[in-house]
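Subject: Structure for your files, with notes

Hello,

Please find the structure below, with its sequence.

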Amino acid sequence: MDPGCQIIASGSFTWESLFENGIWTYSLDAVWLGVRECYAQLAADVEARYHMSLAKIGAIGVSAMMHGYLPFDRAGEQLVPFRTWRNNITEEAADVLTEVFRYNIPQRWSIAHLYQAILRSEEHVRGIAFFTTLSGYVHWKLCGEKVLGIGDASGMFPVDEKSGTYDQQRLDAFSRMELVKDYSWEIGSILPRVLRAGQNAGILTSEGARLLDKSGKLEEGSLMVPPEGDAGTGMVSTNAVRKRMGNISVGTSAFSMNVLDAPLREIHRDIDIVATPNGVPVAMVHTNNCSSDINAWVGVFWDFAKGLGTDLNQDQLYKMLFCMHLRRNPMQVD
């Protein structure tokens, strides 16, 4: 983007989660394959539009799916395959933590995944030195900083608006839980450090630049901003970050985000309390499935279009489908 936030070049890559051994996951090798392909397309777009090589970027921000479970040991080795937010395998943990914290803990949240692994006595838990979300992982590898934007962090563990970090009382409550006492780590020490939007989150390293750019042209030194989840990017892109504002995001999942001007009076198991990228509480209502069926239909139409010899891409097909629906159903909102 330019200083006016206008898109001046882009790249893209499409991939889907895999269901393996009862777990929704995908490999971190696939993550880097996609990120590098996006960057290669971006660099090619810059070359084609502006007749220059992309070598220096002012600032870089990473956004990715919220929640999930990515634990690592002291050597930085991944301990178990990535468990994404799509998994509904932590019901017992979510129920227990909701009762202990007096705060709704959904199954998607990272702390629910951790406690479920404790309940199952999974051996890897003893070796955890750090766990994070997907955006936090990519950011860490690009600049070496184990940090997270407060919006994404609020989907790992409850945060406190005033302190701008994890809720200390609930950190203490987790540490006092009988099954947690057996472990040598403290929960606060294995979570990523929390930052608000606008804070310096590190500098792109030479190793990070090589991870992004296979050609080796990208230079180190870009400012890194706090990594965020897809909910945070949705709020920012719709300019719905102030109190009493809201937005709806539609992707693999669908969710509404409503920025609160006062705390909820009671716990609602179907309302998650997360945060804007600057730390204001948000009421989030989430459904796990949304665009997967639409994606499948677009794939069918794309194959048909290619069979007819057209050069439409998938982005154009999505736009055509949605615009045709609006023209035919101007008052329909469901």
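At what angle do helix 10 and helix 11 pack, and how far apart are their axes? Before the answer, the basis of the notes. This is a predicted model, in which local features need pLDDT of at least 70 and side-chain atom pairs count only at pLDDT 80 or more, while totals for chains, interfaces and linings use all residues. Residues are numbered from 1 along each chain as its sequence is written, and side-chain values use heavy atoms, leaving out hydrogens and water.

Helix packing

Helix 10 (residues 292-307) and helix 11 (residues 314-328) pack at about 110 degrees, and their axes are 10 Å apart. Helices (H or I, at least four residues) and strands (E, at least two) are DSSP runs, numbered from the N terminus. Axes are lines fitted to C-alpha atoms, for helices over the stretch in contact, and angles run from 0 to 180 degrees between N-to-C directions. Helix 10 and helix 11 are therefore roughly perpendicular to each other (under 35 degrees is roughly parallel, over 145 roughly antiparallel, 65 to 115 roughly perpendicular and the rest oblique). The crossing of helix 10 with helix 11 is right-handed (the near helix is turned clockwise from the far one by less than a right angle; anticlockwise is left-handed). On the helix 10 side the contact is made by Ile294, Asn295, Val298, Gly299, Phe301 and Trp302, and on the helix 11 side by Gln314, Leu317, Tyr318, Leu321 and Phe322; contact means heavy atoms within 4.5 Å. These residues divide into 8 nonpolar, 3 polar and no charged (Ala, Val, Leu, Ile, Met, Phe, Trp, Tyr, Cys and Pro count as nonpolar, Asp, Glu, Lys and Arg as charged, and the others, Gly among them, as polar).

Helix 2 (residues 91-101) and helix 3 (residues 110-119) cross at roughly 110 degrees, with axes that come within 8 Å, and are therefore roughly perpendicular. Glu91, Glu92, Ala93, Val96 and Leu97 of helix 2 meet Ile111, Ala112, Tyr115, Gln116 and Leu119 of helix 3. That contact has 7 nonpolar, 1 polar and 2 charged residues.

Helix 2 also packs with helix 6 (residues 168-176), at about 125 degrees and with the axes 10 Å apart. The two are therefore oblique to each other, and the crossing is right-handed. Leu97, Val100 and Phe101 of helix 2 touch Arg170, Ala173 and Phe174 of helix 6.

The whole structure has 1 cavity of 30 Å³ or more. On a 1 Å grid over the protein atoms alone, a cavity is a set of points where a 1.4 Å probe fits but cannot get out, a pocket is an open set with protein on both sides within 12 Å along at least five of seven lines, and lining residues have an atom within 4 Å of a point. Grid points are joined across faces, edges and corners, and a volume is the space filled by probe spheres set on the points.

The largest cavity holds about 60 Å³. Its lining consists of Met66, His67, Trp85, Arg108, Asp230, Ser253, Phe255, Met284 and His286.

The second largest pocket holds about 510 Å³. It is lined by 24 residues, of which Tyr103, Pro263, Leu264, Ile273 and Pro281 are the closest to its centre.

Regards
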